[in-house]
Amino acid sequence: MDYYCLVLLLVVALISVFIFLKTLMISHHNNSVTPPSPPYCLPILGHFHLLNPTKIPLLHLTYQALSAKYGDTLLLRFGTRRILLLSSATAVERCFVQNDVIFANRPETLSTEIIGYNRSNMGSAPYGDHWRNLRRVAAINIFSAACIRLSAAVRRSEVQFTVRALLREADPTRKVRVDLNAVMTKLAIRIVGKLVAGKVYEGVGELFSPGRVLSMCDYMPVLRWIGYGGIERKLREVRKKRDEFLQGLIDEFRQEKSRFSPEKNSGSVKTVLEAFLGLQEAEPEVYTDDIIKGMMTMMFVAGVETSIRTMEWAMTLLLNHPRVLEKAREEVDTCVIPGQLIDDSDVPKLSYLRCVINETQRLYPSAPLLVPHCSSADCVVNGYKVPKKTIMIVNAWAVHRDGAVWDEPDEFKPERFEGFEGERDGYRFIPFGVGRRSCPGAALAMRFVGLTLGALIQCFDWARVGCEEEDLSQGNASISLPKLKPLEAMYAPRDSMAAGLLSQLCCP
């Protein structure tokens with residue numbers, strides 16, 4: 001076995017050196033002007049030696065430091081892969097204005113092959129007719145204004161359920177401690193479960209936790225041959241568990257199909273499962289079970305994780321800035337009908353609360369490194385020649401803290417978003433991505449996050465657990481940006497809560 005591994009590593013070394021020399025020869029022959037790159041690109045490893053987890057444990061911070069030293073348009077090489085790193089609003093804008101279509105692809109990775117159903121789901125599918133059709137269908141059946149309006153009842157009932165649970169655990173005479181991370185996680189899973197399949201599935205959080213998009217087997221494909229790190233095996237285990245769960249939902253729906261007849265559900269929102277199985281009846285060869293499972297996976301992974309992170313960071317920042325919390329509460333008290341719990345239709349009126357959410361997403365984007373793009377052809381980015389199949393990573397963390405376009409970029413100032421409408425501000429505020437592959441669920445996420453934060457602010461007085469400010473340290477994760485220490489807070493029902501509101505909440 002040792003001899004076999006030695007031979008394999010020798011083959012890897014020879015292949016990598018060959019690719020490295022060939023790349024240099026092609027670059028010299030074409031006299032191309034490539035993006036700046038850090039020195040000391042090692043054979044085989046490339047720039048892996050620049051990633052130092054003991055010094056800077058978080059990848060987006062490492063990339064930010066490299067860009068500060070070498071430029072906002074940076075070319076890195078990890079193994080056999082070229083990485084184009086963009087870290088400023090100007091660099092992102094110039095790239096996507098000129099090359100939006102070219103960078104509308106996702107990279108081919110081991111994860112997208114196995115977890116992404118052989119790159120057939122909306123998140124990982126190549127840019128083309130299949131992807132455009134899935135995007136169109138999702139926009140109509142999940143993320144349209146009409147669907148968001150119809151699904152308001154789901155969000156309303158689950159937020160009320162959460163507030164009632166907090167009231168049951170509260171002490172009217174003093175503030176008690178609550179694990180807000182756990183509360184928000186449970187709420188997000190309940191809402192997404194009902195939107196996806198019409199039921200609550202509280203045990204799916206671990207099953208659909210986001211994984212890494214790129215692994216060592218993607219940077220050095222030969223490592224897949226020897227089962228390096230058990231990466232492929234673990235991915236297949238995750239795929240099997242998810243498959244069993246999702247296929248069970250599909251089979252259960254088919255068995256109970258009579259309960260979801262059009263006559264019985266007229267005027268109510270269709271679940272993701274119901275909508276896509278209806279499409280499957282008309283075009284079974286297009287909307288296969290794998291396509292449906294891929295769409296449900298996207299909802300469970302992206303819909304739950306991003307919402308939790310945004311809400312947790314928002315409450316953390318509000319606890320550290322009591323003046324902002326009080327201003328947000330005054331807006332809720334003014335805009336919501338007295339004696340009534342905040343409703344989904346009230347959220348668009350809460351302009352300052354939206355500023356708080358936007359500023360939270362600017363400082364702590366739920367995905368600090370946007371999902372990677374991949375070039376489908378040779379192109380020019382910011383004056384540099386970029387070859388086909390180059391992976392592009394946008395460091396949203398660095399873009400959102402770019403001092404060239406933000407005043408006091410590291411400070412929490414919600415007022416900077418006053419008068420701002422939409423989910424993106426040019427190319428300097430991109431929490432939901434950029435270009436054709438940006439997140440289609442931005443409006444739905446903002447409505448859910450706004451309703452939840454509005455209800456927590458309206459119904460309870462909040463305080464930090466101790467005298468010190470809440471810790472803003474970031475935890476390490478594959479895609480999302482969790483807090484290092486899950487948020488806990490002290491709370492009590494507000495003294496000013498009207499009797500009518502209390503009675504409304506106490507009714508099951």
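I count two residues as in contact when they have heavy atoms within 4.5 Å. The model I am reading is predicted.

**Entry 1: α8 against α12**

I started with helix α8, residues 180–197, and helix α12, residues 289–320. I looked up which residues meet. From α8 I listed L180, N181, M184, T185, A188, I189, V192, G193 and V196. Their partners in α12 are M296, M299, F300, G303, V304, I308, R309, M311, E312 and M315. I then sorted the residues of this contact by class: 13 are nonpolar, four polar and two charged.

Next came the geometry. Two packed helices are described by the angle between their axes and the distance between the axes. For α8 and α12 the axes come within 9 Å and cross at roughly 150°. Angles over 145 degrees count as roughly antiparallel, so α8 is roughly antiparallel to α12. I noted the hand of the crossing as right-handed.

**Entry 2: α12 against α13**

I followed α12 to helix α13, residues 322–335. Here the axes come within 5 Å, and they cross at roughly 110°. The two helices are therefore roughly perpendicular to each other. I found L318, L319 and N320 of α12 meeting P322, V324 and L325 of α13. By class, the contact of α12 with α13 has five nonpolar residues, one polar and no charged.

**Entry 3: α13 against α16**

I moved on to α13 and helix α16, residues 442–459. Their axes come within 9 Å and cross at roughly 95°. That makes α13 roughly perpendicular to α16. On the α13 side I wrote down L325, A328, R329 and V332. On the α16 side I wrote down G454, I457 and Q458. This contact of α13 with α16 holds four nonpolar, two polar and one charged residues.

**Entry 4: F245**

I picked out F245, which sits in helix α10, residues 231–255. Which residues does F245 touch, leaving out those up to four places away in sequence? I found Y201, V204, L207, F208 and F300. F300 is also among the α12 residues that meet α8. I checked one pair further. F245 and L207 are 38 residues apart in sequence, and their C-alpha atoms are 9.2 Å apart in space.

**Entry 5: the second largest pocket**

I turned to empty space last. Rolling a probe the size of a water molecule over the atoms shows where such space is left. The second largest pocket holds about 790 Å³. I counted 32 lining residues, and the closest to the pocket centre are L59, R212, L214, L369 and S478. Which helix gives the largest share of the lining? It is α2, with four residues. Helices α2 (59–70) and α9 (216–219) each supply at least two lining residues. I sorted the lining by class too: 23 residues are nonpolar, eight polar and one charged.

How values were computed:
Residues are numbered from 1 along each chain as its sequence is written. This is a predicted model: local features need pLDDT of at least 70, side-chain atom pairs count only at pLDDT 80 or more; totals for chains, interfaces and linings use all residues. Side-chain values use heavy atoms; hydrogens and water are left out. Axes are lines fitted to C-alpha atoms, for helices over the stretch in contact, and angles run from 0 to 180 degrees between N-to-C directions. Angles under 35 degrees count as roughly parallel, over 145 as roughly antiparallel, 65 to 115 as roughly perpendicular and the rest as oblique. A crossing is left-handed if the near helix is turned anticlockwise from the far one by less than a right angle, and right-handed if clockwise. Ala, Val, Leu, Ile, Met, Phe, Trp, Tyr, Cys and Pro count as nonpolar, Asp, Glu, Lys and Arg as charged, and the others, Gly among them, as polar. On a 1 Å grid over the protein atoms alone, a cavity is a set of points where a 1.4 Å probe fits but cannot get out, and a pocket is an open set with protein on both sides within 12 Å along at least five of seven lines; lining residues have an atom within 4 Å of a point. Grid points are joined across faces, edges and corners, and a volume is the space filled by probe spheres set on the points.
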